[in-house]
Amino acid sequence: MSVVGDPLQPTLFERSRAGRGGDKIPHPPKDALDRIPAEARRQTALALPEMNEPDVVRHYVNLSQLNYAIDTGFYPLGSCTMKFNPKINEWAARLPGFANLHPLAPDEIAQGTLQLLFELEEWLAEISGMTAVTLQPAAGAQGELTGILMIRAYHRSRGDIERDEVLVPDSSHGTNPATASMAGFKTITIPSAADGGVDVEAFDAALGPRTAAVMITNPSTLGLFERRIGHLLEHVHAAGALAYMDGANLNAILGRFKPGEAGFDVMHFNVHKTFSTPHGGGGPGAGPVGVGEKLVPFLPSPRVFRGGSGRYRLERPEERPTSIGRLRSFVGNTGVLVRAYAYLRAHGGTGLSQVSDDAVLAANYLRKRVGEAYDIPFDRACKHEFVASAAGIKKRTGVRTLDIAKRLIDHGYHPPTIYFPLTVEEGMLIEPTETESVETLDAFADALIAIARECETDPELVTSAPHDAPVGRLDEATAARQPNLRWRAMAGAEMPCPD
Amino acid sequence: MPYGPHTPGDRERMLAALGIDTVDALFADIPEELRASPLNLPGPEPELELAARLQGLANRNRTDLASFLGGGVYRHWTPPNVDQLLLRGEWYTAYTPYQPEISQGTLQSIYEYESLLAELVDMDVVSASHYDGATATAEAGLMTCRATRRERVLVSKAVHPHYRQTLAAYFGGGLELDEIPLVADGDAAGTTDLAALERLLAEPDRPVAGVIAGQPNFLGLLEPMAEIGRLAHAAGALFVSVVEPVSLAVLAPPGAYGADIAAGEGQPLGIAPQYGGPYLGILASTDALVRQIPGRLVGMTTDVNGKRAYVMTLRAREQDIRRDKAASNICTNQALLALAASIYLATIGPHGLRDVAAQGAARATRLEAALAGVGAPRIHRGAYLNEFAIHVPDAKAVHRRLIDRGVLAGLVLADFLPDEPQLEDGLLVCATEVTTDVEIHAFAAALEAELAAPGVGSTPLAVEAAR
């Protein structure tokens, strides 16, 4: 355990010993539950682990050390914007005034948080060039659903009920088509052109009276700014459809491009990407959505308002009948939004512009360096990320991008996003962010270049990687064929225990 | 730049390597006419000033009141080890465990979360987490439609109004949602109307995919879950139980009364109220529905050397693989909150969790007696666990004025269920293990004073005086 011994840990269930733990809560009176009818009561004892606090702490500290994280190293995971998560943000979110506030607290005792939310909306509106913002969506994908449901409501409010298609480029995030389906639309996939942008001819051909919306990620998931965006937006609107911008890649364009000004009707922000809120091993996030004038009536409820006297209030239920309603309970992932607010205030307008300038500069520098040993399919100025490809290496040596990614682990790095977007053969999507030093960028590029050499000289070393991780490559086939998704004394005991 | 590493020299070096003079060259592909107007925002704020601003905003919230507010979010004692462990950067600054070899900590913690919650709800499969109780419930509703290939879901009106509204929004893409009314009076008042449920299930040519009911329900009352499940199944529908996890230490779990899916809000398991989130959406199902459950799943397997290891699995349900055919669009989830819930459960243990639930019931019994004693009796007769509705003349105004007396008297039911005449002057109040006798006394005394002489003598704060 810890830095010596086997780093792997037995499960909580194997650590449990009957009789351990307790003394956190005073014992209730014996008759506490007498008024609960027998048929409503639990009849079988709860078989949760019994542990004392020191064992719990060691379990989770030792487990944590099996994780790679931004706080431990460079994490160039394309499309995920793994920038530094400032520590003051964690401090702020835990201030008792924020953390202990009940979400149904009357407005008059929630003025501090309501003011913060109101100001955050204003900041996001200014950054995006949108008219208004909702902070309700819990994550980017939920922001997408919010946006598409608003677009649906917009068309219906005009009696335009024939529009049942959403156009999505083939390089888009999987959430885009999944969202369209969830909102009851048919997805039409638009191919990419040779330069990585949307194929305009195919796009124009697909647009029509059935098109409800177009979902565009800009910069695209290839890290390229959509140069023909003006043309695309013009044609979308001429066809009577609305334009949704997936804001996942906003980190590249702060202060340079405001989607609302350019003509997008709606977009989401990923505050756990652009505005530094921690990813938490998969979540939480928050996915605020900005809208132009047309969609304001349909924003989810409740909105946050400022009254004449400088008092803030939540919109009352039924106050705005055109609203698409509510996408989740309460106001939103407020604890996450406090962190985003702190990040924005720390940077201010000039700092935010610098963020994008530095993120783009770092990505281009790294592109140049990685290009010394890898194919760069779109070798022009990228934005905050770029795609490299090991297609040439694979052809020569048989070593795949997956192997190179695993070998990067031995070199001390988290691999980039691999095989995404789906349109690039043996692709790796690399995003350094603005918080990594030029020394780190160079060291990472050197590692990738060294691995490219290893592919030629010792391919077996790469294809059998990682060698220095707590575990080797996983048997994913068995995991899927015979899923073991929860501990059961028998099933679990058949597996070797690391203790 | 508060967190950036680049010196002017670093930037020069990178620009030189690229053969350009200024970073503007890297943005030349943004068409001139589409370039942004200047950001009209204040300048950067040094950390010291930012800290003062944030502290000032936090101080403008009032969290000092004696609070009896629940309604889906509950105050509990969270052992401090929970948050201290969450603050390890290895947990909160990691991404989704796409590279399992260097994410075994997150993966094992999710597997353990799935296992802990599966035990608590007594079901086979638990997703790695959803956004909150409302979205987990909405996803459960969508699951029943996919699994039965039917398009109509019945939801009890006694399910949290926010959850019903979320269901309605998620069903906005063309599915049907009907409400099962509440029993209006008698012993079962405030619970799901079984006769109405039978009628709704029997409507010709409108087959029902799923029936959704909550235990305890929004009004704190215990529902006849086994009976609701039996009626749902008899009509070929699936049964979704919306649960509060702490209660499951003492109440029958969904698996015990035949639920096909359990959904719920995990906030009570060691997560702070923080004005709405991030929380933890619990979603669980039987094995039969495993390929319909949305969101990430982690399974136990082995690595190439036969070592036990964990990995995300059954990925063909997910959006990044299946795109428009995926079970849901969910990507980011609430992994860190699932971790909080796991640490909470491991620390508090099975006996501790039972104590939390039973202590809440015991405190609520005292609260009920104290409030009834000052003229605010319960509205309903049915059994409850730790939350109940009381009748208070002019409830909304009294609730408002009690704040001045230092008491947050639960929530005003007319704001949430406006068309239920029985609840017109109702407040929904709760107690948990952290509710003290002093607070209960302060509430009763303040209410008594308020009912005797509205608005008179509301300062100094009654709760302060009682302390």
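**Briefing: chains A and B**

In chain A, strand S11 (residues 417-418) pairs with S12(A) in the antiparallel sense, over two bridges. The model is predicted. Chains A and B touch each other, with 177 residues of chain A and 171 residues of chain B in the contact.

**Strand S12 of chain A**

- Strand S12 of chain A spans residues 427-430, and both of its faces are covered.
- Gly427(A) and Leu429(A) lie on one side, and both are buried.
- Ala388(A) stands opposite Met428(A) of S12(A).
- Thr417(A) stands opposite Leu429(A) of S12(A).

**Where chain B touches chain A**

- Helix H11 (residues 335-373) of chain B gives the largest share of the chain B side, with 22 residues.
- By class, the side of chain B that touches chain A holds 88 nonpolar residues. Another 54 are polar and 29 are charged.

**A helix pair across the chains**

- Helix H5 (residues 111-128) of chain A meets helix H2 (residues 47-60) of chain B, and their axes come within 5 Å.
- The two axes cross at roughly 130°. H5(A) and H2(B) are therefore oblique to each other.
- On H5(A), the contact is made by Gln111(A), Gly112(A), Gln115(A) and Leu116(A).
- On H2(B), Leu57(B), Ala58(B), Asn59(B) and Arg60(B) make the contact.
- The residues of this contact between H5(A) and H2(B) divide into three nonpolar, four polar and one charged.

**Lys368 of chain A**

- Lys368(A) sits in helix H11 of chain A, which covers residues 334-370.
- Is Lys368(A) buried, exposed or partly exposed? It has 17 other C-beta atoms within 10 Å, so Lys368(A) is partly exposed. The cut-offs are 20 or more for buried and 12 or fewer for exposed.
- Which residues does Lys368(A) contact, leaving aside its neighbours within four places in sequence? They are Ala17(B) and Leu18(B).
- Ala381(A) is 13 residues from Lys368(A) along the chain. The C-alpha atoms of Lys368(A) and Ala381(A) are separated by 9.8 Å.

Notes. Residues are numbered from 1 along each chain as its sequence is written. Chains are lettered from A and ligands numbered from 1 in the order in which they are written. This is a predicted model: local features need pLDDT of at least 70, side-chain atom pairs count only at pLDDT 80 or more; totals for chains, interfaces and linings use all residues. Helices (H or I, at least four residues) and strands (E, at least two) are DSSP runs, numbered from the N terminus. Two residues are in contact if their C-beta atoms, placed from the backbone, lie within 7 Å. Axes are lines fitted to C-alpha atoms, for helices over the stretch in contact, and angles run from 0 to 180 degrees between N-to-C directions. Angles under 35 degrees count as roughly parallel, over 145 as roughly antiparallel, 65 to 115 as roughly perpendicular and the rest as oblique. Ala, Val, Leu, Ile, Met, Phe, Trp, Tyr, Cys and Pro count as nonpolar, Asp, Glu, Lys and Arg as charged, and the others, Gly among them, as polar. Two strands pair if DSSP finds at least two bridges between them.
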